[in-house]
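Here are some notes to read alongside the model, written for someone meeting it now. Please keep the view open as you go through the points.

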Amino acid sequence: MEASRLIVRPARASDSETIFRFVAGLIDDHLPGQTPWTSAEQIRADGFGPDPLFEAFLAERAASPVGFVSFFRGYAGWRGKPMGIVHALYVLPEERRTGAAQALMGAVARTAVERGWVRVELFVEERRPAIRFYEAIGMRDLHHRHMRLEGEALERLAQGAP
């Protein structure tokens, strides 16, 4: 596969089904057999409605989608500057190690630079092979723990209970 034939472009609402398939592939990579918790319709509403919650780029080779990256703007409070947060990066297994992931992250990096974002961050599970890729493109492992509050614990805290 020739890397020069790879095209990266901003995703459109009409790409929602493709993005959903890639999200399902990402979920299957991490939790084999798990059904996605979202839908193409939800992705369309959340990413391409009047108040988009994320942006995305699609990578295509020979007019066929081979991967995507989704990201959103955040805030680097200590620096007082906007930043980018990558939510998901997925490349079809047969397209891995062809430059598609680097091209997708490059598109996010260009967006960050154009918009004056101070950095781009993402969360990756420990011991995932993707860590080597992220380090190879210049990302640093901050050795922070990714913490999550959800479900009953979220409700309990919101209601003031310990």
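Is Ala 63 buried or exposed? Ala 63 counts as exposed, because its relative accessibility is 72%. Here buried means under 20% relative accessible area, exposed over 50%, and partly exposed in between, with a 1.4 Å probe and protein chains only.

1. What you are looking at. This is a predicted model, in which local features need pLDDT of at least 70, side-chain atom pairs count only at pLDDT 80 or more, and totals for chains, interfaces and linings use all residues. Residues are numbered from 1 along each chain as its sequence is written, and side-chain values use heavy atoms, with hydrogens and water left out.

2. The overall layout. The protein has five helices and five strands, and from the N terminus the order of elements is β-α-α-β-β-β-α-β-α-α. Helices (H or I, at least four residues) and strands (E, at least two) are DSSP runs, numbered from the N terminus.

3. Size and packing. The C-alpha trace spans about 55 × 35 × 35 Å along its principal axes. Of the 162 residues, 33% count as buried. Contact means heavy atoms within 4.5 Å, and among contacts between residues at least 6 apart in sequence, 56% join residues at least 24 apart.

4. Surface. The protein exposes about 10900 Å², with carbon and sulfur atoms supplying 53% of it. These areas come from the Shrake-Rupley method with a 1.4 Å probe, and for residues only the protein chains shown count as cover.

5. Ala 63 has a positive phi of about 65° although it is not a glycine. Ala 62 is in the loop between S2 and strand S3 (64–76) too, and its phi is near 55°, again a positive value in a residue other than glycine. Ala 62 is exposed, because its relative accessible area is 55%.

6. Glu 60, in strand S2. Which strand holds Glu 60? Glu 60 sits in S2, residues 55–61, and counts as buried because its relative accessibility is 14%. The side chains of Glu 60 and Arg 9 are joined by a polar contact of 3.0 Å. A polar contact is a pair of N or O atoms within 3.5 Å; within protein, one must be able to donate a hydrogen and the other to accept it, and residues adjacent in sequence count only if both atoms are side-chain atoms. Beyond its neighbours within four places in sequence, Glu 60 is in contact with residues including Leu 6, Ile 7 and Val 66.

7. Trp 117 and Gly 84. Trp 117 is in the loop between helix H3 (100–115) and strand S5 (120–122), and counts as buried because its relative accessibility is 9%. Not counting residues up to four places away in sequence, Trp 117 touches several residues, among them Phe 71, Pro 82 and Gly 84. Gly 84 belongs to strand S4, residues 81–91, and is buried, with a relative accessible area of 1%. The C-alpha atoms of Gly 84 and Leu 122 are separated by 8.6 Å, although the two residues are 38 apart along the chain.
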